[in-house]
Amino acid sequence: MVRVPTGCFLTHTIKGSGKRITSQFAGADCAGLAATFTKFCNWRIDFSYADTDNRTYRTSRGTTHTTCEGAPLRHAAPQTLPTYGKACAKFHVNGKLRAVQCHYITR
């Protein structure tokens with residue numbers, strides 16, 4: 001028997017090579033009963049980028065969506081980062097930070 005987790009998770013996917021990001025998206029995914037009943041209202045997803053010294057040098061603030069959605073999702077445009085470090089997705093609901101997921105981008 002395989003147990004499927006119940007609840008919601010922030011997923012953040014990045015594709016590319018080196019400092020070049022060809023595709024990036026983030027969203028909230030829910031499983032089990034949470035997938036049936038969960039709706040996020042007044043949500044936004046921000047993308048932030050930091051260097052190897054953990055200094056944030058860019059933040060792309062997402063639009064606040066006033067509608068309620070069960071699977072919020074945001075895509076980012078392709079880009080080349082000026083430095084190695086990390087890229088993070090930050091999920092906000094009703095103005096409060098609810099989840100963060102980061103990917104380290106190294107040589």
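**Strand pairing, core and ring contacts in a predicted model**

The structure is a predicted model, in which local features require pLDDT of at least 70 and side-chain atom pairs count only at pLDDT 80 or more, while totals for chains, interfaces and linings use all residues. Residues are numbered from 1 along each chain as its sequence is written, and side-chain values use heavy atoms, with hydrogens and water left out.

The protein contains one helix and eight strands, where helices (H or I, at least four residues) and strands (E, at least two) are DSSP runs numbered from the N terminus. Along the sequence these elements follow the pattern β-β-α-β-β-β-β-β-β. A box of roughly 40 × 40 × 25 Å, taken along the principal axes, is filled by the C-alpha atoms. Of the 107 residues, 35% are buried; buried denotes under 20% relative accessible area, exposed over 50%, and partly exposed the range in between (1.4 Å probe, protein chains only). Among contacts with a separation of 6 or more, 58% are between residues 24 or more positions apart, a contact being defined by heavy atoms within 4.5 Å.

Strand β1 (residues 7–17) is joined to β2 by eleven bridges in the antiparallel sense; two strands are taken to pair if DSSP finds at least two bridges between them. The two strands form a hairpin with two residues between them, and Gly18 in the turn has a positive phi of about 60°. Strand β2 also pairs with β5 (residues 73–76), antiparallel and over four bridges, with Ala26 bridged to Arg74 of β5. A further antiparallel pairing, over two bridges, links β2 to β6 (residues 79–80). Here Gln79 in β6 is the bridge partner of Ile21.

An open sheet is formed by four strands in the order β4-β3-β7-β8, with antiparallel pairing. The edge positions are held by β4 (56–60) and β8 (96–105), each of which has a single partner strand, so one side of each is left without a neighbour in the sheet. On average, neighbouring strands of this sheet are turned by 20° against each other, direction ignored; the axes are lines fitted to C-alpha atoms, for helices over the stretch in contact, and angles run from 0 to 180 degrees between N-to-C directions. The antiparallel strands β3 and β4 are joined by four bridges, and Ala50 stands opposite Thr56 in β4.

In soluble globular proteins, nonpolar side chains tend to be buried together. The largest nonpolar core comprises 19 residues, and those with the most contacts inside it are Phe40, Trp43, Ile45, Phe47, Tyr49, Phe91 and Ile105. Such a core is a set of buried Ala, Val, Leu, Ile, Met, Phe, Trp, Tyr and Cys residues joined through side-chain atoms within 4.5 Å. Two or more residues are contributed to this core by each of β2 (20–31), β3 and β7.

Rings of Phe, Tyr and Trp (its six-membered ring) were considered paired if their centres lie within 6.5 Å, with planes under 30 degrees apart classed as stacked, over 60 as edge-to-face and the rest as tilted. By this rule there is one aromatic pair. Phe40 and Phe91 are arranged edge-to-face, 5.2 Å centre to centre and with 80° between the planes. The pair connects distant parts of the chain, 51 residues apart: Phe40 lies in the loop between α1 (33–37) and β3 (43–51), and Phe91 in strand β7 (residues 85–93). Phe40 is buried at a relative accessible area of 11%, and Phe91 is likewise buried at 4%.

Tyr49, one of the core residues with the most contacts, also has Arg58 over the face of its ring, 5.6 Å from the ring centre. A charge is assigned to this position if NZ of Lys or CZ of Arg is within 6 Å of the ring centre and within 35 degrees of the ring normal. Leaving aside neighbours within four places in sequence, Tyr49 is in contact with Ile21, Gln24, Arg55, Thr56, Tyr57, Arg58, Gln79, Leu81, Lys86 and Ala87.
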